[in-house]
Amino acid sequence: MLTLDKVYHAAFTLKDAIRKDLIVAPPLSNKNKIYLKTENLQTTGSFKIRGAYYKISQLNDEEKKKGIIACSAGNHAQGVALASEKNKIPCIICMPDGAPISKVEATKSYGAEVCLVSDTYDDAYDKAIELQKEEGYTFIHPFNDEDVIAGQGTIGLEILDQLSDVDAVVVPIGGGGLISGVAYAIKHLKPTCKVYGVQAAGAPSMYKSMKEHNRVATETVNTFADGIAVKEPGDLTYELVKEYVDEVITVTEDEIAAAILILMEKQKLVAEGAGAVSVAAAMFDKIPLKNKNIVCIVSGGNIDVNILNRVIDRGLVMSGRKTSLTIALTDKPGQLVAVSSVISKCGANVVEVQYDNGDPEMPINSCFIKITMETKDSKQAKEIERTLIENGFSIVSERV
């Protein structure tokens, strides 16, 4: 049974194994004062070390002797692998084959055997259960377990200790283990503090469950925030979220990318997609509060460098820092110079030009040019578009 005493016991067990950082982040919102609980700075790069470490510490000798099996998109895998290594327990982790290479390799580096499974986290879960039944391993669930939830709940205790006048806590949701523990601890100790959950719009299982007042599964998940790409919440976590969480909201892929970018630029923090959804919710005014102290949990920082460039590019577009315009021109000398002159006077920098004179819909003596620019923000991008139109140029597509 989950109790506040168990959460406090988890905090005592974890006291020498985790970091407890909380930092202020003023540039992230004009409406509220934002603080960041930087779980991305944990040894394994995510909060998951808390629940995994505490759960494994509570196993009896017989359970340890059987060996450990777990399933994970990557962060729980590293927490289980590290805790197993410290306790000298053999473990195997089932991971979806689309998990970032960095997470797979990090898990192996802690001594775990990795079994890659086709498709999603839920398929990895099914494989882990199959192996557990066949071999008798001790299964460490990533979220639907009271000891795991208690471990994650220690974050709630720390937030209340570090910021006594906190008004709200914003928490990423995948299967719901993190928010279940955090909300349980906070609502028992400070019931007036709001707790908001955030999911990627492409993986909204808990969001839909709350809307429909029943635990539901989504047929597919589609998000680069692999750490929260879960098709169905746990029965235990669903009940805890239903009882203790004020609201669950969603953010888009572009909003997540923009949050990753601003965390890198303004806070010098690297967050993965799952870790940045809480910040995205605060940045894009998804939290219905004003002039409050809000803590966003940055749950993980294990982003694959192979997609980081794409994420940054999307973030630049979303924040108005990268703008593309397609312009219809008469195909004659000097046109590009004229366009570039307008852009230069507006203070932007042209980084790419694409030329097309082969569109069958355009006049023979015409062409399209697509110009990509570095801009300060969306306001400057709109000003450039307006100025080009005032100078007689025809914009034929919206900014992207």
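Residues are numbered from 1 along each chain as its sequence is written. Because the model is predicted, local features need pLDDT of at least 70 and side-chain atom pairs count only at pLDDT 80 or more, while totals for chains, interfaces and linings use all residues, and side-chain values use heavy atoms, with hydrogens and water left out.

A search of the whole structure finds 4 aromatic pairs, where rings of Phe, Tyr and Trp (its six-membered ring) pair if their centres lie within 6.5 Å, and where planes under 30 degrees apart count as stacked, over 60 as edge-to-face and the rest as tilted. One of these pairs joins Y121 and F143, whose centres are 6.1 Å apart with 45 degrees between the planes, a tilted arrangement. This pair links distant parts of the chain, 22 residues apart, with Y121 in helix α6 (residues 121-135) and F143 in the loop between β6 (138-140) and α7 (146-162); helices (H or I, at least four residues) and strands (E, at least two) are DSSP runs, numbered from the N terminus. Both Y121 and F143 are buried, a term that means under 20% relative accessible area, with a 1.4 Å probe and protein chains only.

The rings of Y184 and Y244 make an edge-to-face pair, because their centres are 5.4 Å apart and their planes stand at 80 degrees. Here Y184 in helix α8 (residues 177-189) is linked to Y244 in helix α10 (residues 235-244), 60 residues away in the chain. Y184 counts as buried at 8% relative accessibility, and Y244 counts as buried at 15%. Ring pairs also link Y121, Y125, F139 and F143 into a cluster.

A further ring, that of F12, has the charged end of K15 over it, 5.2 Å from the ring centre; the criterion is that NZ of Lys or CZ of Arg is within 6 Å of the ring centre and within 35 degrees of the ring normal.

The structure holds 0 disulfides, a disulfide being a pair of cysteine sulfur atoms within 2.5 Å. For C296 the closest cysteine sulfur is that of C193, and this lies 12 Å away, so the two are too far apart for a bond. C296 is buried, with a relative accessible area of 0%, and C367 counts as buried at 4% relative accessibility.

Finally, Q267 lies in helix α11 (residues 253-267) and counts as buried at 15% relative accessibility. Leaving aside neighbours within four places in sequence, Q267 is in contact (heavy atoms within 4.5 Å) with I23, V24, A25, P27, L36 and I262.

Terms used. Buried means under 20% relative accessible area, exposed over 50%, partly exposed in between (1.4 Å probe, protein chains only).
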